[in-house]
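This report describes one protein model, starting with its aromatic rings and going on to a helix, the charged pairs and the overall totals.

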Amino acid sequence: MEARLYPDFPLDPSVPPGGLPPFWVGPRHLAGDDGRLYDGVADALSNLGWTSLTIVRGRHELDEAPEDRQVLRSTVLHISPDTLRWAQWSLADEPFHLGGLPIAWQISARADTSSPLASWSSYFTTDVPGEAVADFLVALDARDQPAVPLACPELVLDAVAAHGWLRDIDQPHVAAADPTFASHISLGEVPPLIQDTDPSALTTAADEEGSTGWQAWAEPTLGAPCLWAASFGSSVPHDLVAAFSASLSSSAPVLRRVLPEATRERLLRAPA
């Protein structure tokens, strides 16, 4: 999918959303987030009945006008009705980086309300297609027990293989890539700071093997910066990762006004 249907149409990725009419775009995994990663996912959470809370940090002086307050950081937290799962928009709250990109969404779940600690967490950077994050959350919301594993790892690879992705020749049971080898998903050691049930996972020594979890990323050009990255803690149920992967690899086009500079020449598009 590297030929453009309308190559002369002046799609400028610097134009803010709303500046151009929407186009149907594919493949989805290279289409970016349209600059609407928060809005698209937040709308899905609202439709699921999750509650949103805005946390604002800053300095407030007595008798100070609201417009003069110095807000240092702010996050938006979305919580499911049973409080067992939550999603935090952390882009404005000094996020850490994954694959050189800032984390935008952190999604977590716990087994019961007796503990404030998450049983697992997953992380999504900017330009992850919002449709895939929303489908991950829909699958999470539908689960009665969000922290209990119900499927084997093979389900994740089956999900992308059904949409034409290729299993890795050397590691067919743990890795796959799209036919152009621009986007990848693999089961391996998770990066530092990826939280999971066991806090000691954060203190793994340099000579020790870390915990294993699913990682996904898009690297449109070998050796170039990643377009997006996603990381799943080792306890994230495989069926939830499969829901994300199935949506990410879907051949169904998505609506976009703003295209990533790194992939705009590789996208098919047609007027909506």
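Trp-120, Phe-124, Phe-136, Phe-232 and Phe-244 form one aromatic cluster. Rings of Phe, Tyr and Trp (its six-membered ring) count as a pair if their centres lie within 6.5 Å; planes under 30 degrees apart are called stacked, over 60 edge-to-face, and the rest tilted. The model is predicted: local features need pLDDT of at least 70, side-chain atom pairs count only at pLDDT 80 or more, and totals for chains, interfaces and linings use all residues. Residues are numbered from 1 along each chain as its sequence is written, and side-chain values use heavy atoms, with hydrogens and water left out.

**Aromatic pairs**

The structure holds nine aromatic pairs. In one of them, the ring centres of Trp-120 and Phe-136 are 6.2 Å apart and the planes stand at 80°, so this pair is edge-to-face. Trp-120 belongs to strand S7 (residues 120-125) and Phe-136 to helix H2, so the contact ties together parts 16 residues apart in sequence. Helices (H or I, at least four residues) and strands (E, at least two) are DSSP runs, numbered from the N terminus. Trp-120 is buried at 0% relative accessibility, and Phe-136 is also buried, with a relative accessible area of 0%. Here buried means under 20% relative accessible area, exposed over 50%, and partly exposed in between (1.4 Å probe, protein chains only).

Phe-136 also pairs with Phe-232: the centres are 5.7 Å apart and the planes at 50°, so this pair is tilted. It links distant parts of the chain, with Phe-136 in helix H2 and Phe-232 in strand S12 (residues 228-232), 96 residues apart. Both Phe-136 and Phe-232 are buried.

**Helix H3**

Which residues of H3 are buried? They are Val-156, Leu-157, Ala-159 and Val-160.

**Salt bridges**

A salt bridge is a side-chain nitrogen of Lys or Arg within 4 Å of a carboxyl oxygen of Asp or Glu. By this rule the count comes to six. Three of them are tabulated below.

| Asp-239 | Arg-143 | 2.8 Å |

Salt bridges that share partners join Glu-154, Asp-158 and Arg-167 into one network. Asp-158 is partly exposed at 38% relative accessibility, and Arg-167 is partly exposed at 29%. Glu-261 is exposed, with a relative accessible area of 55%, whereas Arg-264 counts as buried at 17%.

For the salt bridge between Asp-239 and Arg-143, Asp-239 lies in helix H4 (residues 238-248) and Arg-143 in the loop between helix H2 (130-142) and helix H3 (154-161), so the pair ties together parts 96 residues apart in sequence. Asp-239 is partly exposed at 22%, while Arg-143 is buried at 6% relative accessibility.

**Totals**

The protein has four helices and 14 strands. Of its 272 residues, 43% count as buried. Among contacts (heavy atoms within 4.5 Å) between residues at least 6 apart in sequence, 66% join residues at least 24 apart. The protein exposes about 13,300 Å², of which carbon and sulfur atoms supply 55%; accessible areas come from the Shrake-Rupley method with a 1.4 Å probe, and for residues only the protein chains shown count as cover.
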